[in-house]
Amino acid sequence: MATILHTGPDKDLAAQYFAEALRHHSQVDIARHLGVTTRTIRHWIANQSVPQSYVFGLQRLLPLEAPAEGEAPFSFIDLFAGIGGIRVAFEGLGGRCVFTSEWDGYAQKTYAENYPGGHAINGDITQIDATDIPDHDLLLAGFPCQPFSIAGVSKKNALGRAHGFACETQGTLFFDICRIIEAKQPRAFLLENVKNLMSHDKGRTFDVIKRSLDDLGYDIHPRVVDGAHFVPQHRERILIVGFRRADRVNFDWDALPLPKRGEHKLNEILHRCDGTEPVLPWDGDRFFNHAANSVDPKYTLTPKLWAYLQGYAEKHRVKGNGFGFGLVTPESVTRTLSARYYKDGSEILVYQGEGVNPRRLTPRECARLMGFPDTFRIPCSDTRAYKQFGNSVVVNVMSHVARLMQPALAGDNLEPELPLRYAVA
Ligand SMILES: C[S@@+](CC[C@H](N)C(=O)[O-])C[C@H]1O[C@@H](n2cnc3c(N)ncnc32)[C@H](O)[C@@H]1O
């Protein structure tokens, strides 16, 4: 099918995604997926415009591109890769991933399934000599946050264990990143972590990080960005962008387009029980029973767990503590999805009506909440999948950051493109 809309880089994102979606799906399918009529679809085509609120739904219709081959505008390495949430964004700009490190076998499985045909996935980064890592323009690393996160620190304090840099197993991984930057001197890096990294140990941890990167000869630009600008999830993360000082790169966080927070509501990512839930052959009925038009009952909390969570919340309320479960409706913006969501799901429980126990999000809904398209495969158990998505990044945030960094990654001769690039059928 011919592309109907003009898709120049100056056109808005919804129109670009829409044009790309039309290359892969019929108008009827797109209408069904978005919950609009085919008349609306024809109207958008005729008017050459699509409401921005459909960006998210349209994005989910688009297949991820296969790894770039041949000349790539820039190369990058993916450290602490998890399931590749940061990779998706930079690959979407045509970048070529030349090295991956992730030591968790289950995350490796998900990664391998979603980024096929590339290099082997390396394990423990502390055991890898920097000289064995290929040269690259950009280093990506969402390093483990547990030693710095509020929950991680309280737990380690309670157990009398060291946290931050003093945590021997996980706290020093930042210095492995420094070791690699020092040896390979990439043009740029992007580091990601929990917001608490900035205040950990009264700001001393962050001071060490800034000083170390500065000593390596990089100008650094930290910024906290909330995923709620792009998805219905409040998720604040610190992003540290760095460029080789000698390259004199002008980077301005204020140029990051941030749509109003809270405009994305949970109904965008929930399974649809009105007959419009897309059938994903790779999911089958694992999460959603299409014949019955309902979410699999295994996601509904058992009476015992629901009673426990209510009792726990009540106990804390009486003590004056804020802790409680987070009950959400289709109009909500959720709390941060954490890697421990698999335990009881308490931070995000979907209200199912009076007298009915709430349910957890399904792993597919978690994928959507993190901005992964529906083409993303979930090959592991639910428990593993919850951990992987809870550890990952909001892909949409990364895509916008990638676009902002792009001109500096391979000189200034790159054309702006879609934040995520998609395969041509
Ligand atoms: C916060 S997660 C990063 C998630 C990633 N940004 C994503 O989009 O999925 C940190 C990851 O680092 C991995 N990791 C921790 N220590 C490691 C090590 N020494 N070597 C390699 N990977 C490690 C963990 O298994 C985890 O998947």
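**Core, sheet and ligand shell**

Me: Which residues touch the most other members of the largest nonpolar core?

Reply: Leu 139 and Leu 140 do, in a core of 95 residues. Helix H1 (residues 13-24) gives the largest share of this core, seven residues. The model is predicted: local features need pLDDT of at least 70, side-chain atom pairs count only at pLDDT 80 or more, and totals for chains, interfaces and linings use all residues. Residues are numbered from 1 along each chain as its sequence is written.

Me: What makes a set of residues a nonpolar core?

Reply: Its members are buried Ala, Val, Leu, Ile, Met, Phe, Trp, Tyr and Cys residues, joined through C-beta atoms within 7 Å. Buried means that 20 or more other C-beta atoms lie within 10 Å of the residue's own; exposed means 12 or fewer; partly exposed lies in between; C-beta atoms are placed from the backbone.

Me: Why is Tyr 351 called partly exposed?

Reply: Tyr 351 has 14 other C-beta atoms within 10 Å. That count falls between the limits of 12 and 20, so Tyr 351 is partly exposed. Tyr 351 sits in the loop between strand E11 (349-350) and helix H12 (363-369). Helices (H or I, at least four residues) and strands (E, at least two) are DSSP runs, numbered from the N terminus.

Me: What does Tyr 351 touch, not counting residues up to four places away in sequence?

Reply: Leu 327, Val 328, Thr 329 and Pro 358. Contact means C-beta atoms, placed from the backbone, within 7 Å. Thr 329 is 22 residues away from Tyr 351 in sequence, yet 5.7 Å away in space, C-alpha to C-alpha.

Me: Why is E7 called largely enclosed?

Reply: Seven of its nine residues are buried, so the rest of the structure largely encloses E7.

Me: How do you know that E5 and E7 pair?

Reply: Pairing takes at least two DSSP bridges between two strands. E5 and E7 have seven, so they pair, in the antiparallel sense. Leu 191 stands opposite Ile 240 in E7. E6 and E7 also pair in the antiparallel sense, over nine bridges.

Me: What makes E3 and E6 edge strands?

Reply: Strand E3 (121-122) and strand E6 (218-226) each pair on one side only. The open sheet has seven strands in the order E3-E2-E1-E4-E5-E7-E6, with mixed pairing.

Me: How many residues surround the ligand?

Reply: 22 do; the closest are Phe 80, Gly 82, Gly 85, Gly 142 and Ser 392.

Key. Contact = placed C-beta atoms within 7 Å. Near = placed C-beta within 6 Å.
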